[in-house]
Amino acid sequence: MSIKQISENVYSIGVLNPTLRIFDVIMKTDYGTSYNAYLIKNNGKSALVETVHAKFFDEYLENIKSILGDTPPDYLIMNHNEPDHSGSVAKLTEIYPDIIIIESKAGAIYIKNIANKELNIKTVSDNEIFDFGGGELKFIVAPFLHWPDSMFTYFAKDKILFTCDFLGAHFCEPTAFDYNIKKEDYEAEYNGAFVYYYNAIFGPFKPYVLSGLDKIKDIDFETACPSHGPVLTKKDGGNLDCAIKAYAEMSAPHKNEATYIPIFYCTAYGNTGILAENIKTGIKEIIPGADVNIINLNMADSASAQLHLSDAFLIGSPTINRDAVAPVWELINTIDAVSMRDRPCAVFGSYGWSGEGCSNLIARLKGLKLKVSENPLRCQFVPSQDDLDAAIEYGREFAKSL
Amino acid sequence: MDKYICTLCGYEYAEEAGLSEEGIEPGTKWEDVPEDFVCPACGAPKDMFVKS
């Protein structure tokens, strides 16, 4: 990307990666992404905000030099140290060995193990104000937005807040500005990318999103410079106010009206399925008001959302080839281990020969630090009346444990 | 004296030992550890610690 002037003293010096279709293994990027980075100049001082993915270092350096010429930048502010932003720190410090790297406390720990070299680091605390060419830079520590190291940087002179991944999106906007997206009729695509990004990156950290919004509510900024996607503005066609409102709405705490206990299962011959029905009977005896929703994973497409909305859950799988079956693992793969930590759960299933499905599921759920019962409900082949009675009792005991 | 564990990585802060490299004296109670303390192993903020 060629450089773009964002305000009187701030330039965009990041790079576009329009052909990227999968980010960090787990995210789809239908509209590519941009590795945003910025340069702030003030009275002869200069600060870089973030670097870029290591593969794009040359273009990034070219952008810096096109503004600063042969003058080295004084500071590098690292609001977040994930390698898409920190990947070029080691190379950058070869070119500019005297550059001072500004990090949060957690960031200082991370960058040492990312750059793997001696660095000139200055650690800043929450709300610390830093004199920058007679102007001020303020650092707002914002843990879990979206890593422990995350912080925002405020440049009061130009009313700009650098938010790193907060308010970002995987989206390529060649002009850098949000108000140009709408003119080109990509509004729906951008909005979709914005919400998808929020869900993937900030979904696990909703309480932290709310505290982050609270921290910036009294900051007078008109532009937010995130580290992916377009710069957000309050100009005509700009998206900044909408984006902040959307973050607040999407992060609002959810409380189920009734205790919500979904029972997920897969079944080949109906045996694991009938266990689910009987477990439900047992739960309802103990907690009559509970909302117990039996979900057949072979028919459901919103199982992951139901799982995350649950107060507790059960999951049933037959054993095939010494393991639980793929749709069950696919559901477990979606578990957000931060927000679901200590969520009560239990597993059950019918089997024919050896029945390792349940124990494998328990091991996995324990590894994710959910509060999983050590004792599964297992039954060999077709449930007998005794097995069905045991399933009802299993449901009662699970409900009592909540 | 109590111990507090980082729920993100498992690092343990022992009040008896303190953490001299962070300037936290031996015997410092958890509530007296500065609010901007971060886990020296993984960077997690103080609110991610629970009593072990």
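**Aromatic rings and charges in a predicted model**

Me: Where does the charged end of A:Lys235 sit?

Reply: This is a predicted model. In it, the charged end of A:Lys235 sits over the ring of A:Phe177, 6.0 Å from the ring's centre.

Me: Which residue lies over the face of B:Trp30?

Reply: B:Lys46 does, at 5.2 Å from the ring centre.

Me: Now ring against ring. What describes a pair of aromatic rings?

Reply: The distance of the centres and the angle of the planes describe it. Here, a search of the whole structure gives 29 aromatic pairs over all chains. Take A:Phe144 and A:Phe205: their ring centres are 5.3 Å apart and their planes stand at 15 degrees, so this pair is stacked.

Me: Which parts of chain A does that pair tie together?

Reply: A:Phe144 is in the loop between strand S13 (135–141) and strand S14 (151–155), while A:Phe205 is in the loop between helix H6 (187–202) and helix H7 (206–216). The pair therefore ties together parts 61 residues apart in sequence.

Me: Are A:Phe144 and A:Phe205 buried or exposed?

Reply: A:Phe144 and A:Phe205 are both buried.

Me: How should I read A:Tyr198 and A:Phe202?

Reply: Apply the two values again. The centres are 6.4 Å apart and the planes at 35 degrees, so A:Tyr198 and A:Phe202 form a tilted pair. Stacked would need planes under 30 degrees apart. Both residues are in helix H6 of chain A, four residues apart, so about one helical turn separates them. A:Tyr198 and A:Phe202 are also both buried.

Me: Which aromatic cluster holds A:Tyr198 and A:Phe202?

Reply: One whose members include A:Tyr31, A:Phe152, A:Tyr190, A:Phe194 and A:Tyr247.

Conventions:
Residues numbered from 1 in each chain as written. Chains lettered and ligands numbered in written order. Predicted model: local features only at pLDDT ≥ 70, side-chain atom pairs only at ≥ 80, totals over all residues. Heavy atoms only, no water. Phe/Tyr/Trp six-rings, centres within 6.5 Å; stacked < 30°, edge-to-face > 60°. Helix = DSSP H or I, 4+ residues; strand = E, 2+ residues; numbered from the N terminus. Buried < 20%, exposed > 50% of the residue type's maximum accessible area, 1.4 Å probe, protein only. Lys NZ or Arg CZ within 6 Å of the ring centre and 35° of its normal.
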